[in-house]
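Here is a friendly walk through one protein chain.

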Amino acid sequence: MTDSPDSRASRHDRRTPPRGSLRLLGWAAFVVLGSAAAWFGWMAWDQEYWVDPDTGMEHGPYRAWQVIGCGLTLVAIAVWTSRSRWWPTVLLLPPSFTLAWSVTASEDMTGLWMVGAIMVAIGSTAGTLIVLGITRLVKKIHA
């Protein structure tokens with residue numbers, strides 16, 4: 001006795017998740033973990049202030065190269081992931097980055113870290129929207 005193609009397909013669908021849902025899950029994990037890794041990889045490990053020997057002024061806690069590296073990493077994640085899904089990138093990248101930032105900033109004794117978290121959330125959302133808008137515009141021009 002042989003199974004019809006329809007019965008085999010329906011049995012297969014019940015046992016394993018559809019390939020599209022695994023791709024979406026992997027894509028979402030890349031956005032969430034990548035944006036959190038941008039914070040922890042570039043910024044979170046070095047938060048010491050330093051004194052400029054020429055001026056005697058205190059600077060920090062981040063160096064310019066850290067901020068540039070973190071920003072470029074976030075831009076790369078946004079551009080790469082927006083090729084297939086636009087709005088989910090906007091919904092996942094800024095909250096993931098803000099949460100990662102909040103983990104280290106919440107140790108602040110002044111209590112102002114929540115204001116910073118709001119500013120990071122607004123800034124990362126605006127930045128993500130700008131990058132994705134440019135990506136979408138370039139995609140339409142090349143299409």
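Contact here means heavy atoms within 4.5 Å. With that in mind, Trp101 touches Trp39, Trp113, Gly116, Ala117 and Val120, leaving aside residues up to four places away in sequence. Please keep in mind that this is a predicted model.

**The overall layout**

The protein chain holds five helices and two strands. The chain has 143 residues, and 28% of them count as buried. Among contacts with a separation of 6 or more, 60% are between residues 24 or more positions apart.

**The core**

Which residues touch the most other members of the largest nonpolar core? They are Trp39, Cys70, Leu74, Leu93, Phe97 and Trp101, out of 22 residues in that core. Several helices contribute: helix 2 (19–42), helix 3 (64–82), helix 4 (87–105) and helix 5 (113–142) each supply at least two residues. Helix 4 gives the largest share, with six residues. As background, nonpolar side chains in soluble globular proteins tend to be buried together.

**Two helix pairs**

Two packed helices are described by the angle between their axes and the distance between the axes. The table sets out both values for two pairs.

| Helix pair | Angle between axes | Axis distance |
|---|---|---|
| Helix 2 and helix 4 | about 35° | 8 Å |
| Helix 3 and helix 5 | roughly 45° | within 9 Å |

The angle between helix 3 and helix 5 makes helix 3 oblique to helix 5. Helix 3 passes helix 5 in a right-handed crossing. On the helix 3 side, the contact is made by Val75, Ala78, Val79 and Ser82, and helix 5 brings Val131, Leu132, Thr135 and Lys139. By type, the residues of this contact are five nonpolar, two polar and one charged.

The crossing of helix 2 and helix 4 is right-handed as well. From helix 2, the residues in contact are Trp27, Ala28, Val31, Val32, Ser35, Ala36, Trp39 and Phe40. Helix 4 meets them with Pro88, Thr89, Leu92, Leu93, Ser96, Phe97, Ala100, Trp101, Val103 and Thr104. What is the make-up of the contact of helix 2 with helix 4, in nonpolar, polar and charged residues? It divides into 14 nonpolar, four polar and no charged.

**Two residues to look at up close**

Arg85 sits in the loop between helix 3 and helix 4. Is Arg85 buried or partly exposed? Its relative accessible area is 24%, so Arg85 is partly exposed. Not counting residues up to four places away in sequence, Arg85 touches Leu24 and Trp27. Leu24 is 61 residues from Arg85 in sequence, yet their C-alpha atoms are 9.3 Å apart in space.

Met114 belongs to helix 5. Met114 counts as partly exposed because its relative accessibility is 44%, and the cut-off for exposed is over 50%. Between the C-alpha atoms of Met114 and Ser102 there are 7.9 Å, with 12 residues separating the two along the chain.

Methods:
Residues numbered from 1 in each chain as written. Predicted model: local features only at pLDDT ≥ 70, side-chain atom pairs only at ≥ 80, totals over all residues. Heavy atoms only, no water. Core = buried A, V, L, I, M, F, W, Y, C linked by side-chain atoms within 4.5 Å. Buried < 20%, exposed > 50% of the residue type's maximum accessible area, 1.4 Å probe, protein only. Helix = DSSP H or I, 4+ residues; strand = E, 2+ residues; numbered from the N terminus. Axes fitted to C-alpha atoms, helices over the stretch in contact; angles between N-to-C directions. Parallel < 35°, antiparallel > 145°, perpendicular 65-115°, else oblique. Left-handed = near helix turned anticlockwise from the far one by under 90°. Nonpolar A, V, L, I, M, F, W, Y, C, P; charged D, E, K, R; others polar.
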